[in-house]
Each structure stands twice: as structure tokens, then as C-alpha cells.
Amino acid sequence: MEIELIHIGFGNIVAMNRVIAIASPNSAPIKRTIQEGRDKGLLIDMTSGRKTKAVIFTDSEHIVLAALAPETISGRLLASRSGIFPKLEQEDEVDESEKPVFVQS
């Protein structure tokens, strides 16, 4: 099983194969769910102090808060799956002559 890692802003990455749903945090039921997750110790805040724009629910019952909009996160997932962005596991093969040479003086 291949793990799809998607950047959700500010250096934070989520394994998308563990995600069940991505929601907007504006409704009262989502706000209650966030508070319940905080009380149970299952809340992961990946906003880096920014405003929460997306709430990500995982199969392990963790709740991840993100500063990117749900549309942006899903767009990145679709772009990754279509091959527009290279996957993190793949390394581009570089010709030895193209590698930088560091000279110490």
C-alpha cells in the first residue's frame, strides 16, 4: 500500500490514505466535534497559529486542524494523483555530471 503524503501548509504533511473526510469548521456540529476531540486528546492542530479553514477526520479518530481550505487540500490530492506534482517517495534520477560539486577553501 502506497502512502500519499499531502502538504497542508506551513510545513505540515498528512497521510491522505488515512483520511475519511475533510470539512469546513464553520458549522456547530463540527465545532462540537473539535471540542470533543480536544477533550479526548485526539486533536492535532497543524494551523501554526493561523485561522482554521479545514478539519480533517482520520480513520484513527484523530481530528486534524489545517489552515488551508478543504478545496485547496483536495486539489492538491487530485494534482498528486494525476501526476502534476511528483510524489514524495520518488526521486528524480540525476546524472552524476549534473550534481553540484562543493569545493572547500
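These legends describe close-up views of a predicted model. Local features need pLDDT of at least 70, side-chain atom pairs count only at pLDDT 80 or more, and totals for chains, interfaces and linings use all residues. Residues are numbered from 1 along each chain as its sequence is written, and side-chain values use heavy atoms, with hydrogens and water left out.

**View 1. Confidence along the chain.** Over residues 89–99 the value stays under 50. For that stretch the model has four contacts (heavy atoms within 4.5 Å) beyond four places in sequence.

**View 2. The four-stranded sheet.** The open sheet runs in the order S3-S5-S6-S4, with mixed pairing. Strands (E, at least two residues) and helices (H or I, at least four) are DSSP runs, numbered from the N terminus. Two strands pair if DSSP finds at least two bridges between them. Strand S3 (19–23) and strand S4 (43–46) are the edges; each has a single partner strand, so one side of each lacks a neighbour in the sheet. Neighbouring strands are turned by 20° against each other on average, direction ignored. Helix H1 (residues 28–40) packs on the sheet and touches S3, S4, S5 and S6. The direction of H1 makes about 115° with that of S6. Such angles run from 0 to 180 degrees between N-to-C directions, with axes fitted to C-alpha atoms, for helices over the stretch in contact.

View 3. Five of the five residues of S5 are buried, so the strand is largely enclosed by the rest of the structure. Buried means under 20% relative accessible area, exposed over 50%, and partly exposed in between (1.4 Å probe, protein chains only). Ala54, Ile56 and Thr58 point one way from S5; Val55 and Phe57 point the other way. In a regular strand the side chains alternate between the two faces of the sheet. S5 pairs with S6 in the antiparallel sense over four bridges. S3 and S5 also pair in the antiparallel sense, over four bridges. Phenylalanine 57 has alanine 21 opposite and isoleucine 63 as its bridge partner in S6. Four residues separate S5 and S6 in their hairpin, and glutamate 61 in the turn has a positive phi of about 70°.

**View 4. Alanine 54 in its surroundings.** Alanine 54 lies in S5 (residues 54–58) and is buried, with a relative accessible area of 0%. Its bridge partner in S6 is alanine 66. Beyond four places in sequence, alanine 54 touches residues including Ile22, Pro25, Leu68 and Ile73.

**View 5. Two nonpolar cores.** A nonpolar core is a set of buried Ala, Val, Leu, Ile, Met, Phe, Trp, Tyr and Cys residues joined through side-chain atoms within 4.5 Å. The largest has 13 residues; Ile8, Val14, Met16, Ile56, Val64, Ala66 and Ile73 have the most contacts inside it. S5, strand S6 (63–66) and helix H2 (70–82) each give two or more residues to this core. Another core lies apart from it, with seven residues, among them Ala23, Ile34, Val55 and Ile63.

**View 6. Two salt bridges.** The structure holds two salt bridges (a side-chain nitrogen of Lys or Arg within 4 Å of a carboxyl oxygen of Asp or Glu). One joins arginine 81 and glutamate 4 (3.0 Å, N to O). These residues are 77 residues apart, with arginine 81 in helix H2 and glutamate 4 in the segment before strand S1 (5–7). Arginine 81 is exposed at 52% relative accessibility, whereas glutamate 4 is buried at 13%. Aspartate 59 and arginine 18 also meet in a salt bridge (2.8 Å, N to O).

Technical notes. pLDDT is the predictor's confidence in each residue, from 0 to 100.
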